[in-house]
Amino acid sequence: MSEHGKTPVTVLGLGAMGTALVEALLAAGHPVTAWNRTPSRAEAVAAKGASVASTLSEALAANRIVIACLLDYDSVHEVLDPVASELKGRQLINLTNGTPGQAREMAAWAEELGAEYLDGGIMAVPPMIGTPAAFIFYSGSGTAFGHARTALDTFGGANYLGADPGLAPLHDIALLSGMYGFFIGVIQAYALVGSAGVKAREFAPLLRAWIDAMSGFLERSAEQIDDGDYVTDVVSNIGMQAAAYPNLAQAAEDQGISAELLTPLQSLMDKRVAGGHGAEDLIGVIELLKK
């Protein structure tokens, strides 16, 4: 602890997100030692009170809690492999975007070195860090999470998911998958109306109202999946939807717009119907995603 009772932290990586993390820590009164492969990037956080380590070894020696926020997991290894022995006794918190498999591999590597490992999935863009809108998933060492909790709370809502280090990136990727699926539909909708000269700004309120009206799909489909029941109280069965869905691609073609964002769902619906599940709700296609 610092003389003010705030947990000191080392942050490795000063890209847009790493810088935002440092700034949130400093704003909350946590002493921060920062390091970046390109030293000039540390000037901004140094001006705000961060101590800048001239070497990676110096950064690791400064504090027990070490937060890495780099480009990818390969970058984490590139940075830390040469000083791996210096991680012993450290609590390594990796806030680099990656996959569950990468997180589990990293955790095993860190633990062999005598470090406690905590993986994180940041559900925010840099300007959101330190605001109530940001939240971050953590999984791995419960001891590391507990020790670093006051520092982690400065970033946004801290959600600990359990000892499996892969759970944080799994939740991260799942939410991003939902986000990109939403983006796909929005992009396609704007492209379609734009082909007829309709301004996106004019169409946006209609699209918002329609998406809001359909938002109940989230909770409804979750209940169906957990209950394993895709046929009770179905309003628009997948057989009907599969028959009408080709119109989306045809309309796009007629308007000179590609339908490549939408076509994957057609094949899944057709397979589900062909398998005798035409009376089900659309969410039944989830069974085809399970390998």
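The legends below describe close-up views of a predicted model.

**View 1. The second largest pocket and its lining.**
The second largest pocket has a volume of about 250 Å³. It is lined by 15 residues, and those closest to its centre are Gly15, Arg41, Cys69, Leu70 and Leu71. Helix H1, residues 16-27, gives the most to this lining, with three residues. By residue class, the lining of the second largest pocket holds eight nonpolar, five polar and two charged residues.

**View 2. The ring pair of Phe182 and Phe183.**
A pair of aromatic rings is described by the distance of the centres and the angle of the planes. The count for the model is six aromatic pairs. In the pair shown here, the ring centres of Phe182 and Phe183 are 5.9 Å apart and the planes stand at 45 degrees, so the pair is tilted. Tilted pairs fall between the limits of 30 degrees for stacked and 60 degrees for edge-to-face. Phe182 has a relative accessibility of 40% and therefore counts as partly exposed. Phe183, at 35%, also counts as partly exposed.

**View 3. The ring pair of Tyr190 and Phe203.**
The centres of the Tyr190 and Phe203 rings lie 6.3 Å apart, with the planes at 75 degrees, so this pair is edge-to-face. Tyr190 belongs to helix H7 (residues 167-194) and Phe203 to helix H8 (residues 200-214), so the pair ties together parts that are 13 residues apart in sequence. Tyr190 is partly exposed, with a relative accessible area of 29%. Phe203 is buried, with a relative accessible area of 19%; the cut-off for buried is under 20%.

**View 4. Strand S7 and its partner strands.**
Strand S7 covers residues 135-140 and is mostly covered, with five of its six residues buried. Strand S6 (residues 116-123) runs antiparallel to S7, and six bridges join the two. Across this pairing, Met123 stands opposite Phe135 of S7. S7 also pairs with strand S8 (residues 157-160), here in the parallel sense and over four bridges. Phe135 stands opposite Gly157 in S8. From S7 the chain passes through helix H6 (residues 142-152) to S8, and this β-α-β crossover is right-handed.

**View 5. A cluster of aromatic rings.**
Tyr138, Phe145 and Tyr160 are linked into a cluster by ring pairs.

Terms used:
Residues numbered from 1 in each chain as written. Predicted model: local features only at pLDDT ≥ 70, side-chain atom pairs only at ≥ 80, totals over all residues. Heavy atoms only, no water. 1 Å grid on protein atoms, 1.4 Å probe; cavity = no way out; pocket = protein on both sides within 12 Å on 5 of 7 lines; lining within 4 Å. Points joined across faces, edges and corners; volume = space filled by probe spheres on them. Nonpolar A, V, L, I, M, F, W, Y, C, P; charged D, E, K, R; others polar. Phe/Tyr/Trp six-rings, centres within 6.5 Å; stacked < 30°, edge-to-face > 60°. Buried < 20%, exposed > 50% of the residue type's maximum accessible area, 1.4 Å probe, protein only. Pairing = 2+ DSSP bridges. Right-handed = clockwise from strand over helix to strand, strands pointing away.
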